[in-house]
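I opened this notebook to record, entry by entry, what I looked up in one model and what I found there.

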Amino acid sequence: MNEHLPTPRTVVQLPDGTHAYIDPHALPQQTGPQVVHIHQAAPDRTVQRIALGSGMGAGTVAAGVYFGPLLVGALTAIAATLAILAFLAVALTWGVVTLVRSVGGADGKAAAKNVRKARRR
């Protein structure tokens, strides 16, 4: 009885935008897990893509791609150096104040007080 019925057709949209009727049994059947690809720009490329979209030249974008990581590296090195210097300054100041307090009497306490006042300013 089912031999007389037409085969069911499925409407699919082709890559060029047109629609076509296709027999669902002719479509390739997937075996195994479905692979989903998510394309996302890397965070450091987002600014360059916005720059290209706004009409900036490719040379400007290339300079940003090249000099951007160099700038980040240089700033990181500067920050690390400043952190080490700040730590050394704190440690040396603490050492001097402790030494002056322990060695000196009334003069030592007055000198330590002056050092503390100088640091607060």
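Is R101 buried, partly exposed or exposed? I looked up its relative accessibility and found 43%, and because buried means under 20% and exposed over 50%, R101 counts as partly exposed. I note at the outset that I am working with a predicted model, and that R101 is found in helix α2, which covers residues 58-103.

**Overall layout.** I listed the elements next and found 3 helices and 2 strands in the chain, which run β-β-α-α-α when read from the N terminus. I then asked how much of the chain is buried, and for its 121 residues I noted a buried share of 5%.

**Positive patch.** Returning to R101, I looked for the charges that gather with it, and I found a surface patch of positive charge made up of R101, K113, K117, R119 and R120. When I checked which element supplies the largest share of this patch, I found that 4 residues come from helix α3, residues 106-120, while R101 itself lies in helix α2.

**Helix α3 and V100.** I also looked up A111, another entry for helix α3, and recorded a relative accessible area of 32% for A111, so this residue is partly exposed. Between A111 and V100 I noted a separation of 11 residues in sequence, with their C-alpha atoms 7.3 Å apart in space.

**Nonpolar patch.** Which residues form the nonpolar patch on the surface? I wrote down L71, L75, I78, L82, I84, L85, F87, L88 and L92, which together have about 960 Å² of accessible area.

**Aromatic pair.** How many aromatic pairs does a search of the whole structure find? I noted 1 aromatic pair. Y66 and F67 form this pair, and I recorded 4.9 Å from centre to centre and 85° between the planes, an edge-to-face arrangement.

Notes: Residues are numbered from 1 along each chain as its sequence is written. This is a predicted model: local features need pLDDT of at least 70, side-chain atom pairs count only at pLDDT 80 or more; totals for chains, interfaces and linings use all residues. Side-chain values use heavy atoms; hydrogens and water are left out. Patches are made of residues with over 30% relative accessible area and no salt bridge: like charges are joined within 9 Å, nonpolar side chains (Val, Leu, Ile, Met, Phe, Trp, Tyr) within 5 Å. Accessible areas come from the Shrake-Rupley method with a 1.4 Å probe; for residues, only the protein chains shown count as cover. A salt bridge is a side-chain nitrogen of Lys or Arg within 4 Å of a carboxyl oxygen of Asp or Glu. Lys and Arg count as positive and Asp and Glu as negative; His and the chain ends are not counted. The place of a charge is taken as NZ of Lys, CZ of Arg, CG of Asp or CD of Glu. Buried means under 20% relative accessible area, exposed over 50%, partly exposed in between (1.4 Å probe, protein chains only). Rings of Phe, Tyr and Trp (its six-membered ring) pair if their centres lie within 6.5 Å; planes under 30 degrees apart count as stacked, over 60 as edge-to-face and the rest as tilted.
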